[in-house]
Amino acid sequence: MLFNSIDFAIFLPIIFILYWFVTNKNLKAQNILLLTASYFFYACWDWRFLFLLMFSTLLDYYTGLKMCGVQDQKAKKFWFWLSIFINLGFLGVFKYYNFFADSFAEALSQLGVQINPLTLSVILPVGISFYTFHGLSYVIDIYKGRVKAERNFVDYSVFVSFFPLLVAGPIERATHLLPQIKKKRSFDYSKAVDGLRQILWGLFKKIVIADNCAFFANEIFNNSSDYSGSTLVLGALFFTFQIYGDFSGYSDIALGTARLFGIELLQNFSFPYFSRDIAEFWRRWHISLSTWFRDYLYIPLGGSSGETVMRIRNTFIIFIVSGFWHGANWTFIIWGLLNALYFLPLLLTNKNRKNMEIVAKSRFLPSPKDFFNILLTFGLTVLAWIFFRAENIGHAISYLSGIFSLDLFSVPKFPGMGKALSTILLILFFIAIEWMGRENKYAIEKIGSKVSRPLRWSFYVLIIFLIGMFLETEETPFIYFQF
Amino acid sequence: MKQFAKNIVLFIVFTCIAYPILISISGYLLPQKLSPNINYRIGSYGHMYTRLNEAKNFKGELDVLFLGSSHSYRGFDTRNFNDLKTFNLGSSAQTPIQTNALLDRYLDKLNPKMIVYEVYPNTFTSDGVESSLDIIANDKNDLNSLEMAFEINHIKVYNTLIYGFFRDAFELNKSFSEPIKKGEDTYIPGGFVQRNITYFKHIDYPEKDEWKLNEEQIKVFESIVKRIKDKKIKLMLVYAPITSSYYKSHTNNAYFDKFITSHHAEYYNFNTMLTLNDSLHFYDSNHLNQNGVREFNKKLLELIDLNKK
């Protein structure tokens, strides 16, 4: 069941009505409803993997209780490592086994030894990277004494499986989400309206921006050898907006949906393409994953304290692991590596925390210096996305060499140029709205809040109209579902 | 919560008014590239506008009504059926959903004694969007159009229908007139479209394919057969000739024949009954040229005569 599907448009109001009208008097009933709805939502993808989700939930719930219940440090360590081992084991088997088997065989073939690796023909359970990281953060937090084990199995299961975040995040923390699940929730008008508004903006990002950009990005990336350098640049730009519209659109729908049920999820995006350096970009892009790696990998490794060599090592580890988290392909590792290289000068000159606030705060336009920095950061990001999107390293390199060719300054040419012009206009509209709303949680949060209701509603209908006018006819899955 | 529910209802009402206004304005003012999900092309292809105008002005009763896809309006030449009073209500890529909508509008008006319904497997595999847009743009829209749109359930059909209602309401098509001759095509009164004679360069289809019939189209097709039978109108189902190479490139032709015959109506698959030459009798992979039409209609007329007896 996709967020941008008719099925979800039916599913959501039904759960909403049951939640606020039938189970509203009883928190336990509300949580059971959320859990049932979440399992149904997940089963719509593939019911067989529901058992994997349940097992993962049960494992972390049980090991959490065990860790809390023992005084002996050795026993605590045992349960901790058991959970880590099984969680990462599942992730390793489903997501990375074939990659390692193939890479190993390829490495041997370079040495002249030919082997036929045993690969598994299994599909990747949707959302496994997300719910595994949920569980891991919970187990690590208990081990570190940051939270106490949750005794109520239903509450814990809702924390892991809450349907808005189940398949593509945001990656929640027990310290943030569990207390909300355990607290009685009452209907809040402004929260619900805000939720609907964020869902609308998420749908716009996904349906209008991402899906329309995807059409051209796919065409250009899939036939990159046929196109001029300028067309390849345009293809990379289309993918840049596709991935942002797709993933941040998903996050907006997830956050908006959760807010309809009185639950606040972690913000996942904060206008990353207006960043003035790469450090700022990573504070604004997939925030829940970046902070997860910061808290559970970077800081335990020593973070940015200690010797320069250690800081550099930690930076490379976190970016490479982050790249690898996205998928079992060398392209993601190079993408991570490239971002580490971008980040390194900032780290070494202690400028990585220079731009903490949103650009041009309380001003309409950025300063020329900020503007230049935004363009530079954006350009570097676009370059890195080429590796993220390419089929393999060879493809990425040939794509890049295609860009830096003599026809870089020619007029771009590809099938559907006319349609591409309307997509470019939509992107410009999108950038303008994002710029106007950059000081808020999401772009249209406050837009129109000071004008009369008919005018504000007209703006929302305009967004609905653009969705209706530019909706691609096939429902397109979200990119991050594969991770 | 009360306030929330009230505002939701108000917003839905507001959207129901504002959205059609925006669609109408953009359909009227913007080029197709900037309004991709409105596809209103009056008089676009296959002379549908002229055909429906003729149907609207028809008086009396028909001996034979032809229905189906472009194989119908390019395959059943109404001049080839001697003294039988015939009309061709075929339309481009007409799927059972559109056939049903056209029957809703024109069956009583045309009042045929017999219906020859051209069944092309491709139309059973289609979502029916293309043909719906053709009908919306070339006919006056009514509740049947809305029903058809719900059955197709496609944003392009909804938007185009809204724009169609707008054009109908303001009579924007009043001054439109479709030329009888358009490019290679000439409209023949009675609904047939004649293509200037050209020959098809035979090609082989190396990849085998399967017809995958759409459940919704099957359901509607069954209701059409039942409806015609209930009205006691004679029904003949016809699979019009396509090139033999194209026909043979599909592996489950027998399955399609079996599916059609299971509806207990007279069925003729002309791909197995007629021996036509791919190059001499077709102008593309699945449309007969005028020589092919003549051969096809001759055989069909024999069957109709036989059926009358």
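Modeller: Start with A:Y131. A:Y131 is buried, with 27 other C-beta atoms within 10 Å. Buried means 20 or more other C-beta atoms within 10 Å of a residue's own, exposed means 12 or fewer, and partly exposed lies in between, with C-beta atoms placed from the backbone.

Biologist: Before we go on, what kind of model is this?

Modeller: This is a predicted model, where local features need pLDDT of at least 70 and side-chain atom pairs count only at pLDDT 80 or more, while totals for chains, interfaces and linings use all residues. Residues are numbered from 1 along each chain as its sequence is written, and chains are lettered from A and ligands numbered from 1 in the order in which they are written.

Biologist: OK. Where is A:Y131 found?

Modeller: A:Y131 belongs to helix 5 of chain A. Helices are DSSP runs of H or I with at least four residues, strands are runs of E with at least two, and both are numbered from the N terminus.

Biologist: And what does A:Y131 touch?

Modeller: Leaving out residues up to four places away in sequence, A:Y131 touches A:L53, A:S56, A:V160 and A:L166. Contact here means C-beta atoms, placed from the backbone, within 7 Å.

Biologist: How far is A:Y131 from A:K446?

Modeller: Their C-alpha atoms are separated by 32 Å, and the two residues are 315 residues apart along the chain.

Biologist: How do helix 3 and helix 5 of chain A cross?

Modeller: The axes of helix 3 (residues 50-69) and helix 5 (residues 128-143) of chain A come within 9 Å and cross at roughly 5 degrees. Axes are lines fitted to C-alpha atoms, for helices over the stretch in contact, and angles run from 0 to 180 degrees between N-to-C directions. Helix 3 and helix 5 of chain A are therefore roughly parallel to each other. The cut-offs are under 35 degrees for roughly parallel, over 145 for roughly antiparallel, 65 to 115 for roughly perpendicular, and oblique for the rest.

Biologist: Which residues make the contact?

Modeller: Helix 3 of chain A gives A:L53, A:S56, A:D60, A:T63, A:G64, A:M67 and A:C68. Helix 5 of chain A gives A:Y131, A:T132, A:G135, A:Y138, A:V139, A:I142 and A:Y143. The residues of this contact divide into eight nonpolar, five polar and one charged. Ala, Val, Leu, Ile, Met, Phe, Trp, Tyr, Cys and Pro count as nonpolar, Asp, Glu, Lys and Arg as charged, and the others, Gly among them, as polar.

Biologist: Switching topic. How many residues are in contact between chain A and chain B?

Modeller: 18 residues of chain A are in contact with 19 residues of chain B. On the chain A side, helix 9 (189-222), helix 17 (417-436) and helix 18 (453-470) each supply at least two residues. Helix 18 of chain A gives the most, with eight residues. That side of chain A has 12 nonpolar residues, five polar and one charged.

Biologist: Now chain B. What's in it?

Modeller: Chain B has 13 helices and 10 strands. Its radius of gyration is 21 Å, close to the 19 Å that the globule rule gives for 309 residues, so chain B is as compact as a globular protein of that length. The radius is taken over C-alpha atoms, and the rule is 2.2 Å times the number of residues to the power 0.38. Of the 309 residues of chain B, 39% count as buried.

Biologist: What about the three-strand sheet?

Modeller: That open sheet of chain B runs 4-5-6 with antiparallel pairing. Strand 5 (residues 185-188) and strand 6 of chain B pair over four bridges. B:Y187 stands opposite B:V193 in strand 6 of chain B.

Biologist: Last one. What is phi at B:N153?

Modeller: B:N153 has a positive phi of about 50 degrees, although it is not a glycine. Most residues other than glycine have a negative phi. B:N153 lies in the loop between helix 7 (143-152) and helix 8 (155-169) of chain B. B:N153 is partly exposed, with 13 other C-beta atoms within 10 Å.

How values were computed. Contact = placed C-beta atoms within 7 Å. Pairing = 2+ DSSP bridges.
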